[in-house]
Amino acid sequence: MNGKGLKSLYSWRFPRALAYMLQASEYRTPQYLKWLLRTRDFSRVQYRRTLERTIKAKLLEIFLATGMTLEIIVGLVIIGYGISSSILWLIILGFVLIIAYPLIWALLVVLPLEAGRLLVVLPAQQREITASEKIFAEHPGIKIAVAGSYGKTTMKELLKTVLSEGKTVAATIANNNVSTEHAKFAKRLKGNEEVLIIEYGEGAPGDVKRFTRVTKPTYGFITGLAPAHIDKYKTLKVAGDDIFSLADFLQDENIYVNADSLATKEYLKEGYKTYSENGVGKWKVKDVKISIEGTSFRLLGDNQTINIHSKLIGRHQIGALSASAALAIDLGLSIKEIEFGIAKCEPFEHRMQPRYMSGAWIIDDSYNGNIEGIKAGTALLKELPAKRKIYVTPGLVDQGTYTQEVHLEMGHLIASADPNLVVLINNSVTDYIRDGLNESGFKGELQIVNDPLAYYSNLEQTLALGDLMMMQNDWPDNYV
């Protein structure tokens, strides 16, 4: 730790920095402690974002500031008493308390959090989850579960928008996809909904299996499999086994699986309904058109045609669009209702979301966090016309033992899109991406950016008329 980093420990902003680190780590002690141990300058932890002033965050900041102040006062009192009494060890103890207070309170703060979590929060959450299991079991509506390493929120919102044209539909909000959020969703239900759509997150082995037990789905969608949360799952197979426990619960019936995801291949069984850019079941895709304004194609099956016109962009959206249409037909919606519903679907925030700036197009895919999303983004960049193509990324987080392999592949994929300019946000994976670019013979311009906030704040200086920029993934403050 240099002089500036040491100074940051004794700054009046230090309690706020710790509160932010806890908040950004979602109050998970292991993630917070890892971040704490590797931080060398606490003045820079609030780099991309700042502390959200929630009641919990304010109380934590007050708790830390008060504790640190009291420790300094106690240290000064002990030093004074030691000097007046000529007791050397008391003087040393007082100085130690004053010097060590930042580290002491950075560690002490987790004790009330853990105590509160174990004694209050977890029991209350378990009661809510138990109550929600009864609500889901007794609810008469069709329950659709959406699981996978990526693409869950898009699939859920797509199903919600389409099915709402002919059914009363309720769905979990945004990417609130864990047991506690499922329980809150259950409490909000009126009981007259015809369809419930529940997104399943996956953070650790057994999550999806537990979600299925509680929510009791009647249909399931598995949107794909890729390295994600590997710090907990350790291997892709462990993640796949958990995600496909949804199919096991449904006894291999009423399960839709994204066959465009190569990693799902080893899990496919005869009874599964697979969807891909070629279609789903008897429905076949024809006459595909991809542009910055959306994706269009015809879906043909049994003397029926569904004309798909969606504002969602990218060839990777074809399978999901087809699957939502096929399920809607099975649930009794008319072709007109399906076409109208799909036409309503807008690109979701930070998920292949196009926006126009300074005569150029930016595709914001900053929520993307896996290699399959990178494949979709680079393929789209290659397919769309532009005077100049720019690709921007910091790389991917939570790739575990796959980190080097994934980022080498990422470099190959970027090179295959043949952009004129590649902008890499400098961090621990940058060299791997650069190695992948070099291995693939990338001949365009490569720019390494050390200050992402400054870069993103001045995009107008980078863009020119007719440019197309693809921005994939973000790099949170708690990663290096």
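Predicted model: local features only at pLDDT ≥ 70, side-chain atom pairs only at ≥ 80, totals over all residues.
Local features require pLDDT of at least 70 and side-chain atom pairs count only at pLDDT 80 or more, whereas totals for chains, interfaces and linings use all residues. Residues are numbered from 1 along each chain as its sequence is written, and side-chain values use heavy atoms, with hydrogens and water left out.

A search of the whole structure gives 12 aromatic pairs (rings of Phe, Tyr and Trp, its six-membered ring, with centres within 6.5 Å; planes under 30 degrees apart are stacked, over 60 edge-to-face and the rest tilted). Two of these pairs are tabulated below.

| Pair | Centre distance | Plane angle | Class |
|---|---|---|---|
| Phenylalanine 63 and tryptophan 105 | 5.6 Å | 75° | edge-to-face |
| Tyrosine 455 and tyrosine 456 | 5.8 Å | 70° | edge-to-face |

Phenylalanine 63 belongs to helix α4 (residues 55-85) and tryptophan 105 to helix α5 (residues 88-108), 42 residues apart; helices are DSSP runs of H or I with at least four residues. Tryptophan 105 is buried at 14% relative accessibility, while phenylalanine 63, at 35%, is partly exposed (buried is under 20% relative accessible area, exposed over 50%, partly exposed in between, with a 1.4 Å probe and protein chains only). Tyrosine 455 is buried at 9%, and tyrosine 456 is partly exposed at 29%. Ring pairs also join Phe221, Tyr256 and Tyr275 into a cluster.

The charged end of lysine 56 sits over the ring of tyrosine 27, 3.8 Å from its centre (NZ of Lys or CZ of Arg within 6 Å of the ring centre and within 35 degrees of the ring normal). Arginine 351 likewise has its charged end over the ring of tyrosine 367, 4.0 Å from the centre.

Notes:
Helix = DSSP H or I, 4+ residues; strand = E, 2+ residues; numbered from the N terminus.
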